[in-house]
Amino acid sequence: MKASIVILSEESGQQNPIPISNTERTTLGRSRNCTIPIRNNKYLTHEHCVLFCKQDKFFIADLSRANCTFLNNERIIEAPLEHCAIIKIGNSVIRFMVEGLPQSPVAKPHDVSAHGKPRLL
């Protein structure tokens with residue numbers, strides 16, 4: 001299974017899909033040593049969360065003791081990822097997508113509420 005993420009928040013300026021490995025752990029955080037560094041988010045820890053694939057299913061795990069990781073507006077420690085799930089870490093909003101599945105309309109940064117859920121227009 002192939003997957004990617006899109007960082008939707010304005011702070012990052014990133015809108016292109018970023019591939020996620022299904023064989024290696026993908027870390028997100030402020031550290032330049034992270035697989036996907038998000039440098040301009042002061043609410044992230046150095047290694048904030050990790051995405052990984054286990055038995056052909058993607059998961060997210062929170063690595064931060066100080067700040068939280070939210071999945072579809074729910075605080076998580078570890079949880080399975082579904083297509084088009086919304087991840088919120090610090091003030092960054094991220095959409096998880098599985099390759100080959102139909103995409104829902106891509107939310108723009110201003111279409112995402114403060115809680116990380118897409119706003120209905």
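**Lysines, rings and the open sheet**

Reply: Lys88 has a relative accessible area of 19%, so this residue counts as buried, the cut-off being under 20%. The model is a predicted one. Lys88 belongs to strand β10, which covers residues 85-89. A polar atom of the Lys88 side chain lies 3.0 Å from the backbone oxygen of Gly90.

Another lysine, Lys54, is placed against an aromatic ring: Lys54 lies over the face of Phe59, 5.0 Å from the ring centre. Phe59 also takes part in a ring pair. The model has 2 aromatic pairs. One of them joins Phe52 and Phe59, with ring centres 5.6 Å apart and planes at 15°, so this pair is stacked, the limit being under 30 degrees. Both Phe52 and Phe59 are buried. In general, the distance of the centres and the angle of the planes describe such a pair.

Now the sheet. Strand β6 spans residues 57-62. This strand is part of an open sheet of 5 strands, in the order β4-β3-β5-β6-β9 and with mixed pairing. The edges are β4 (36-37) and β9 (78-80), each of which pairs on one side only. Strands in a sheet pair through backbone hydrogen bonds, in a parallel or an antiparallel sense. Between β6 and β9 the sense is antiparallel, over 3 bridges. Ile60 has Ala79 of β9 as its bridge partner.

Definitions and conventions: Residues are numbered from 1 along each chain as its sequence is written. This is a predicted model: local features need pLDDT of at least 70, side-chain atom pairs count only at pLDDT 80 or more; totals for chains, interfaces and linings use all residues. Side-chain values use heavy atoms; hydrogens and water are left out. Rings of Phe, Tyr and Trp (its six-membered ring) pair if their centres lie within 6.5 Å; planes under 30 degrees apart count as stacked, over 60 as edge-to-face and the rest as tilted. Buried means under 20% relative accessible area, exposed over 50%, partly exposed in between (1.4 Å probe, protein chains only). A charge sits over a ring if NZ of Lys or CZ of Arg is within 6 Å of the ring centre and within 35 degrees of the ring normal. Helices (H or I, at least four residues) and strands (E, at least two) are DSSP runs, numbered from the N terminus. A polar contact is a pair of N or O atoms within 3.5 Å; within protein, one must be able to donate a hydrogen and the other to accept it, and residues adjacent in sequence count only if both atoms are side-chain atoms. Two strands pair if DSSP finds at least two bridges between them.
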